[in-house]
Amino acid sequence: MRAAGIDCGTNSLRLLLVERAPAGGAPVELSRQLRIVRLGEGVDATGAFSAAALDRTFVALDEYAALIREAGIDPAHIRMVATSAARDVSNRDVFAAGVRERLGVEPLVISGDREAELSFTGAVRGLRAAGVEVVGPVLVTDVGGGSTEFALGDPDGAVDFLVSLDIGSVRLRERTLPGDPPDAAQLRATRDLVDTALDATGIDFGSVREWVGVAGTVTSLMAAHLELPAYDRDAVHGARMPLPALRALADRCCASTVAELCRIPSLHPKRAEVITAGAVILERISRRLDVPGLLVSETDILDGVAAWALRGD
């Protein structure tokens, strides 16, 4: 049995093809793909997907549809979730029609809480499968393009607290960080906005013993911290970045132009355009925590969605 999971975020569109393992083991990964399509570009200002963003997304979905057909996957075992950007738009029906035409399934626009829950499950299971010890309480943070999700719980699977904030790397880049590099006033406004949002979460940050980060902002910053000559998923997964190093890296992003950030060999040019906003979010979270560092997981919501598709429920 094979299945396909697709995660459509504000910035990236990702695909994971899996196969059921014998004797109930972890799903076997067949293919993992990423395209940065920036679906949510301009959504914060206009409240709608632009024609250009939809075109970029549909081109990537055509590629994914071909891979799914080649793998012989039945539509009953395809799950596509859409997150922050799709929750906010007035022309969601145009997006949904394009997905149905290409994949034969309906995109599932999930809540921020459901997004956080799937990220928690994917991250913790993936780290443990790699032999990484995860202590609790653990806070899993997913910095996306349009929103940031938090899930606080026990690493054995019990999630006690879920919250989603409308702050993300693309949203903040467009709203408060237009400078290249941003000036002091822009940075101050962004930090104040993030701090205000964090104040309202109700998270007991003092109880956290392990901080796990997932998704492109986190993994890209870890690759930069490790000074990788090219992005290496295996090197990033399970790596830990000390909090002082994270803060120094955030400061470096804030002081750099996009062109300068593009010189980081492991950083995708499209990610370089929005990485500073994501780094600011992580830096502000780090100020509230007393943990050894940021533990990075390459497994996240996409892995949770693929497992769901495999079950077919």
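Angles of 65 to 115 degrees between two axes count as roughly perpendicular. In this predicted model, the axes of helix α8, residues 216–225, and helix α10, residues 243–254, come within 11 Å and cross at roughly 100°, and α8 and α10 are therefore roughly perpendicular to each other. On the α8 side the contact is made by Leu221, Ala224 and His225, while α10 contributes Ala245, Leu249 and Cys253. Sorted by class, the contact of α8 with α10 has five nonpolar residues and one polar residue, with no charged residues.

Six strands form an open sheet with mixed pairing, and their order is β8-β7-β6-β9-β11-β10. The edge strands are β8, residues 159–165, and β10, residues 240–241, each of which pairs on one side only. Strands of a sheet pair through backbone hydrogen bonds, either parallel or antiparallel. Here strand β9, residues 210–214, and strand β11, residues 294–296, pair in the parallel sense over three bridges, and Val212 has Leu295 in β11 as its bridge partner.

Helices α5 and α14 pack at an angle of about 90°, with their axes 7 Å apart, which makes α5 roughly perpendicular to α14. In this contact, Arg114, Glu115, Leu118, Ser119 and Gly122 of α5 meet Ile301, Asp303, Gly304, Val305 and Trp308 of α14. The residues of the contact of α5 with α14 divide into four nonpolar, three polar and three charged.

## The pockets

The largest pocket holds about 770 Å³ of space. Its lining is made up of 30 residues, of which Ala26, Pro27, Arg125, Asp303 and Ala307 lie nearest the centre of the pocket. At least two residues of this lining come from each of β2 (12–19), β3 (28–36), α5 (112–129), α9 (233–236) and α14 (301–311), and α5 gives the most, with eight residues. By class, the lining of the largest pocket divides into 11 nonpolar, eight polar and 11 charged residues.

In the second largest pocket there is about 650 Å³ of space, and the pocket is lined by 35 residues, of which Ser12, Arg14, Leu34, Gly216 and Arg271 lie nearest its centre. Strands β2, β3 and β6, together with helices α8 and α14, each supply at least two residues of the lining of the second largest pocket. The residues of that lining divide into eight nonpolar, 18 polar and nine charged.

Of the 15 residues that line the largest cavity, Arg173, Gly179, Val258, Glu273 and Thr276 are the closest to its centre. Helices α11, residues 258–261, and α13, residues 275–286, each supply at least two residues of this lining. By class, the lining of the largest cavity has eight nonpolar, four polar and three charged residues.

Key. Residues are numbered from 1 along each chain as its sequence is written. This is a predicted model: local features need pLDDT of at least 70, side-chain atom pairs count only at pLDDT 80 or more; totals for chains, interfaces and linings use all residues. Side-chain values use heavy atoms; hydrogens and water are left out. Axes are lines fitted to C-alpha atoms, for helices over the stretch in contact, and angles run from 0 to 180 degrees between N-to-C directions. Helices (H or I, at least four residues) and strands (E, at least two) are DSSP runs, numbered from the N terminus. Angles under 35 degrees count as roughly parallel, over 145 as roughly antiparallel, 65 to 115 as roughly perpendicular and the rest as oblique. Contact means heavy atoms within 4.5 Å. Ala, Val, Leu, Ile, Met, Phe, Trp, Tyr, Cys and Pro count as nonpolar, Asp, Glu, Lys and Arg as charged, and the others, Gly among them, as polar. Two strands pair if DSSP finds at least two bridges between them. On a 1 Å grid over the protein atoms alone, a cavity is a set of points where a 1.4 Å probe fits but cannot get out, and a pocket is an open set with protein on both sides within 12 Å along at least five of seven lines; lining residues have an atom within 4 Å of a point. Grid points are joined across faces, edges and corners, and a volume is the space filled by probe spheres set on the points.
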